[in-house]
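Please look through the sequence and the model below before reading on.

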Amino acid sequence: MAVGESLAPGTVLGELRFQNDADWWIKVHDVGALWRAQPTYILAQAAYLLGALFTLIHALSSRGRWAQLWIATVFHGLVVESLSYVLPDVDNFWHSQTPLIFLGRRLPLHIAFLYPVFIYQATVAVSKLRLPRWAEPCAVGLTVVLIDIPYDIMCVKFVHWTWHDTDPNIGDRHYWVPWNSYYFHATFAAAFTFWFHLLRDHPRRWQSGRPRRAQLVMASLLGTPLGVLMFPMLYHTFHDIYKVHSEVTFFALFAVFLAVSWAGTLSAAKDPVVVAKESLFKCRRPGERSATWRTWLLVSHLVLHYALWLWMAAFGRPEREVSTGLHEPTGPCGVRVPMQTASGLVSSLSLSLSLSLSRSRSRSLSLSLSLSLSLSLSLSLSASGNPQRC
């Protein structure tokens with residue numbers, strides 16, 4: 001099917017067929033057609049690809065293990081995203097199509113580079129605090145959430161991707177963003193940071209040394225299972241068993257991470273060794289000021305990042321955006337499928353796919369992006385199962 005035909009409003013394909021293996025691995029779409037259908041999505045992709053370039057320049061021009069961190073975040077993101085598309089129990093979101101998309105129309109190019117933008121930027125900011133090793137993962141996780149909040153809210157509003165309607169793990173929403181999306185970003189970023197530092201045999205965390213590919217691969221692979229393990233410890237226990245709202249479990253995690261980070265700042269302030277001898281990131285050249293051009297390069301992207309979402313909230317027209325690609329289909333009510341959670345409990349939901357178009361229906365949007373506000377949704381979720389959208 002030609003690009004122009006596939007982007008025609010109202011098109012619905014019950015089955016997506018691929019011409020060959022190469023067509024499954026990678027697909028190129030017409031940028032002009034995508035721009036006419038969903039211009040804000042093209043802007044968002046450009047912003048994140050630019051952020052990936054800026055963080056890469058920072059990594060290559062800095063001393064220490066910055067380049068290793070950048071590469072590891074890309075691998076980590078590929079692992080997380082690939083597993084999300086392969087495992088049915090977590091396959092609960094679908095991206096709109098992009099000029100270059102991979103893995104059966106599921107993985108947009110800019111999503112592969114979203115992880116270095118989030119985690120790399122957060123790690124740079126946290127490095128300025130000179131936290132001890134045990135506190136840094138929590139601080140990185142919290143900072144990633146702060147970067148992610150406007151991105152999550154605005155992209156869902158403009159249907160850059162869609163979430164599953166009846167998955168019990170993402171039923172509790174904040175401006176239609178699952179609270180567990182914030183939980184995920186905090187825990188997985190913290191888990192990745194933990195392993196990246198732990199699998200380091202040098203006493204100085206960021207001092208240059210012989211790069212070991214095995215360390216990068218292990219940090220990328222182990223970040224996902226450790227992040228998953230943080231869900232049963234808090235979320236699944238209280239949400240699945242005691243029916244506690246996901247907003248409460250997220251802020252409980254937020255409080256724990258904040259307490260650990262705060263304790264780390266107090267510990268670093270009292271430890272002369274940390275302050276005087278262990279500079280966590282060897283970024284500065286001799287004689288350079290603390291705020292180098294590399295730092296301002298990252299700051300400029302953060303300004304662009306927040307400015308884009310603010311502009312979309314104030315002037316964007318979500319009712320004119322048309323999302324193309326895979327979406328959750330409608331179907332008969334009461335159809336359920338089992339879903340295995342990380343805690344071992346079994347719920348049920350529907351996870352079938354179709355290739356279709358969706359249009360954002362409402363232009364109304366609150367400009368408040370505060371985490372303290374939530375949109376409580378009455379979704380009638382039950383532990384025994386959830387019906388398919390009908």
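This is a predicted model: local features need pLDDT of at least 70, side-chain atom pairs count only at pLDDT 80 or more; totals for chains, interfaces and linings use all residues.

Residues are numbered from 1 along each chain as its sequence is written, and side-chain values use heavy atoms, with hydrogens and water left out.

The secondary structure of the protein chain comes to 13 helices and eleven strands, where helices (H or I, at least four residues) and strands (E, at least two) are DSSP runs numbered from the N terminus. Of its 390 residues, 52% count as buried, meaning under 20% relative accessible area with a 1.4 Å probe, protein chains only.

An unreviewed UniProt entry lists several spans as "transmembrane region", among them residues 41-60 and 219-238; such annotations may be inferred rather than shown by experiment. In the model, residues 41-60 are 100% helix and 0% strand, with end C-alpha atoms 29 Å apart, and residues 219-238 are likewise 100% helix and 0% strand, with their end C-alpha atoms 29 Å apart.

Two packed helices are described by the angle between their axes and the distance between the axes. Helix α5 (residues 66-86) packs against helix α7 (residues 114-127) at an angle of about 135°, with the axes 8 Å apart; the axes are lines fitted to C-alpha atoms over the stretch in contact, and angles run from 0 to 180 degrees between N-to-C directions. That angle makes α5 oblique to α7, because angles under 35 degrees count as roughly parallel, over 145 as roughly antiparallel, 65 to 115 as roughly perpendicular and the rest as oblique.

Key: Buried means under 20% relative accessible area, exposed over 50%, partly exposed in between (1.4 Å probe, protein chains only).
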